[in-house]
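Please consult the sequence and the structure shown below.

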Amino acid sequence: GTFDMSNEQLEQVEALQAASPMCGRMIRALKGLIKEYEGNKAADTDEYMHSVLQGLEWIFAVYRSTKDIINLSGDVIDQNEVNKSVIRLNEANKADNDTEKAEAFKGILKFVEDFKAEADNIVAAA
């Protein structure tokens, strides 16, 4: 490795390694959801969204437990932007506004893409 890691950091790296394929699946799922909410909505789109949200919960949990190592090289993830997208999604769901759901998911997609890219960099360097 490029730097001596504490046990805690090693555990974070292992968590990121596990998170990466899940992020990959989430990125594909989110892109599909965005398309559906932008006009190709299916009968089960909302149901599908709820299973995607469960996956996102897990990714957010991994992010929270690894954000020290993720943001080592500066603020890779802008937590305020992520929070805004999550709040926007909650509002869109309450209002049942598909256009807003699509926009909110674009912000969340950016977070997952940034998180995966940084996770992969850290795992590669470890």
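## Basis of the report

Lys84 and Glu81 both belong to helix α3, which covers residues 79-95; they are three residues apart, about one turn of the helix. Helices (H or I, at least four residues) and strands (E, at least two) are DSSP runs, numbered from the N terminus.

The model is predicted, so local features need pLDDT of at least 70 and side-chain atom pairs count only at pLDDT 80 or more, while totals for chains, interfaces and linings use all residues. Residues are numbered from 1 along each chain as its sequence is written, and side-chain values use heavy atoms, with hydrogens and water left out.

The side chains of Lys84 and Glu81 form a salt bridge at 3.1 Å, N to O. The term denotes a side-chain nitrogen of Lys or Arg within 4 Å of a carboxyl oxygen of Asp or Glu; by this rule, the count is 13 salt bridges. Lys84 is exposed, at 51% relative accessibility, whereas Glu81 is partly exposed, at 41%. Here buried means under 20% relative accessible area, exposed over 50%, and partly exposed in between (1.4 Å probe, protein chains only).

A further salt bridge joins the side chains of Glu91 and Lys94, at 3.8 Å, N to O. These residues are also three apart in helix α3, about one helical turn. Glu91 is partly exposed, at 46% relative accessibility, and Lys94 is exposed, with 68%.

In helix α4 (residues 98-125), Lys110 and Asp114 lie four residues apart, about one turn of the helix. Their side chains meet in a salt bridge of 2.5 Å, N to O. Asp114 is partly exposed, with a relative accessible area of 23%. Salt bridges with shared partners also link Lys41, Asp46, Asp96, Asp98 and Lys101 into one network.

## The largest pocket

The largest pocket holds about 180 Å³ of space. On a 1 Å grid over the protein atoms alone, a pocket is an open set of points with protein on both sides within 12 Å along at least five of seven lines, and lining residues have an atom within 4 Å of a point. Grid points are joined across faces, edges and corners, and the volume is the space filled by probe spheres set on the points.

Its lining consists of Leu53, Leu56, Glu57, Phe60, Arg64, Val86, Leu89, Asn90 and Ile108. Helices α2 (45-70) and α3 are the elements that give two or more residues to this lining, and α2 gives the most, with five. By class, the lining has six nonpolar, one polar and two charged residues. Ala, Val, Leu, Ile, Met, Phe, Trp, Tyr, Cys and Pro count as nonpolar, Asp, Glu, Lys and Arg as charged, and the others, Gly among them, as polar.

Terms used: 1 Å grid on protein atoms, 1.4 Å probe; cavity = no way out; pocket = protein on both sides within 12 Å on 5 of 7 lines; lining within 4 Å.
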